[in-house]
Amino acid sequence: MTRLIDARTSQNASYANSISVPIILGQQELFGRVVLLTNGATGLLRTQLNGTVTVQLPLLPVATTVTVTIVRGLAPTDLVIYSASEALELSVIGPQVISFTASDFRVPIPLDNRLAYTAFVSANVVGTVRVGPESFNAAVYSDQPLG
């Protein structure tokens with residue numbers, strides 16, 4: 001049997017077109033971070049993550065690929081547990097929503113009982129802009145002893 005240990009949300013931008021943040025070419029831009037508390041957890045952990053990031057093509061539309069990367073930790077160099085790339089539609093002038101669902105299995109319980117996940121977005125073309133909404137959610141589960 002499993003038991004929900006903790007669930008968190010990182011809501012960076014709640015509404016469409018509520019931000020205008022250029023994605024710097026060659027950099028992973030942070031758009032969500034959650035730190036789950038694992039006090040009381042037993043065995044190995046399982047984490048389910050989902051979210052959305054909304055971007056817009058450069059003013060002069062060119063073939064653009066956006067990549068979402070999720071790491072277990074705080075820095076882009078930490079363990080990547082999920083990565084997906086999507087080519088934006090050139091025929092769409094306005095915002096394009098990228099949604100994702102990810103999982104992290106067999107996660108050891110951290111010594112400090114704090115399990116961090118960070119969501120980054122990058123683009124291969126100068127001028128790609130984050131426009132909102134942006135959201136990142138995580139829930140961590142553990143085994144519950146029978147008895």
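**Close-up views of a predicted model**

**View 1. Phe 100, a buried residue.** Phe 100 has a relative accessible area of 5% and is therefore buried (buried means under 20% relative accessible area, exposed over 50%, partly exposed in between; 1.4 Å probe, protein chains only). This is a predicted model, in which local features need pLDDT of at least 70 and side-chain atom pairs count only at pLDDT 80 or more, while totals for chains, interfaces and linings use all residues. Residues are numbered from 1 along each chain as its sequence is written, and side-chain values use heavy atoms, with hydrogens and water left out.

**View 2. The ring pair Phe 100 and Phe 136.** The structure holds three aromatic pairs (rings of Phe, Tyr and Trp, the last by its six-membered ring, pair if their centres lie within 6.5 Å; planes under 30 degrees apart count as stacked, over 60 as edge-to-face and the rest as tilted). In one of them, the centres of Phe 100 and Phe 136 are 6.3 Å apart with the planes at 40°, so the pair is tilted. Phe 100 belongs to strand E7 (residues 96-107) and Phe 136 to strand E9 (residues 129-143), so the pair ties together parts 36 residues apart in sequence (strands are DSSP runs of E, at least two residues, numbered from the N terminus). Phe 136 is buried, at a relative accessible area of 0%.

**View 3. The aromatic cluster.** Phe 100 and Phe 136 form one aromatic cluster with Phe 31 and Tyr 82.

**View 4. The open sheet E3-E8-E5-E6.** Four strands make up this open sheet, with antiparallel pairing (two strands pair if DSSP finds at least two bridges between them). Strands E3 (29-37) and E6 (79-87) are the edge strands, each pairing on one side only.

**View 5. Strands E5 and E8.** E5 (residues 65-72) and E8 (residues 114-123) pair in the antiparallel sense over seven bridges. Val 66 has Ala 123 in E8 as its bridge partner.
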